[in-house]
Amino acid sequence: MQDEYRTVARAGVHETEVNRSRFLCALAPAATEKAAQDFIAAVRKEHADATHNCWAYVIGADASVQKASDDGEPGGTAGLPMLQMLTRRDMRYVVAVVTRYYGGVKLGAGGLIRAYGGAVGEAIDTLGTLTRRRFRLATLTVDHQRAGKLQNDLRATGREVRDVRYGEAVTIEIGLPDADVPAFRGWLADATAGTAGFELGGEAYGDV
């Protein structure tokens, strides 16, 4: 499993013009393949009058799902260069749709490859990226008296508090890098005089 990956910071659209053809690159984070496909469908609907709506997406921290479409452009001149730009930039969980409005000048295969790949690269630069790092989820259980101070101490030491639930005791969910687990157990025991429960859970990714 990858320790970290990069994705686009936010959804957005960036427009470029090449020899009077307009290229609109819509870029968005996509947690699943279905989310990517839904985004593509929405862009195609919005730009139903466009000459082409070519797309590419990469899903999985290890880039296990990679798909692309030329949408009627000559084979290998649109979807593939878009996909290559995403993978070259180490982008994951991301979908790109480049909408082309033909401007009357043919670009040729090389021109198309540069235009489609370039549109994605410029959109990434414009919208920015986020790095997400793998964490172990951990559940802390503490009495109500100590809960407020513990939450403050966790935040003061830079720990991400992901969830807090109040019941007979207070349950706090945090994310920890694997390497920090032993030291954190010791810190927690000191901070709560040994009264807090600690249970390791599964893995998740969080913003760095």
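In which hand does helix 2 pass helix 3? Helix 2 passes helix 3 in a right-handed crossing, where right-handed means that the near helix is turned clockwise from the far one by less than a right angle, and left-handed that it is turned anticlockwise. The structure is a predicted model, in which local features need pLDDT of at least 70 and side-chain atom pairs count only at pLDDT 80 or more, while totals for chains, interfaces and linings use all residues. Residues are numbered from 1 along each chain as its sequence is written, and side-chain values use heavy atoms, with hydrogens and water left out.

Helices (H or I, at least four residues) and strands (E, at least two) are DSSP runs numbered from the N terminus. The axes of helix 2 and helix 3 come within 8 Å and cross at roughly 35°; such axes are lines fitted to C-alpha atoms, for helices over the stretch in contact, and the angles run from 0 to 180 degrees between N-to-C directions. Helix 2 makes this contact through Pro81, Met82, Met85 and Leu86, and helix 3 through residues including Ile113, Tyr116 and Val120. Contact here means heavy atoms within 4.5 Å.

The largest nonpolar core has 26 residues, of which Leu27, Met82, Leu86, Val98, Tyr116 and Val120 touch the most other members. A nonpolar core is a set of buried Ala, Val, Leu, Ile, Met, Phe, Trp, Tyr and Cys residues joined through side-chain atoms within 4.5 Å; buried means under 20% relative accessible area, exposed over 50%, and partly exposed in between, for a 1.4 Å probe and protein chains only. Two or more residues come from each of strand 3 (21–29), strand 4 (52–59), helix 2 (79–88), strand 6 (94–101) and helix 3 (108–127). Helix 3 gives the most, with eight residues.

A second, separate core of 16 residues includes Val142, Val161, Leu188 and Phe198. Helix 4 has Ala147, Leu150, Gln151 and Leu154 as its buried residues, and these pack against strand 7 (129–142), strand 8 (160–166), strand 9 (170–176) and helix 5 (181–191). The axes of helix 4 and helix 5 come within 12 Å and cross at roughly 140°, again in a right-handed crossing. There, Leu150, Asp153 and Leu154 of helix 4 meet Phe184, Trp187 and Leu188 of helix 5.The 13 residues of helix 4 (residues 144–156) should span 18 Å at 1.5 Å a residue, and its end C-alpha atoms are 19 Å apart, which agrees; the expected span is 1.5 Å times one less than the number of residues. Helix 4 is followed by Gly158, whose phi is positive, near 80°.

Strand 8 holds Glu160, which is partly exposed at a relative accessible area of 36%. Apart from neighbours within four places in sequence, Glu160 is in contact with Glu173, Ile174 and Gly175.

Two loop residues also have a positive phi without being glycine. Ala63, with a phi of about 60°, is found in the loop between strand 4 and strand 5 (65–69) and is buried, with a relative accessible area of 11%. Asp71, with a phi of about 45°, is placed in the loop between strand 5 and helix 2 and counts as partly exposed at 25% relative accessibility.
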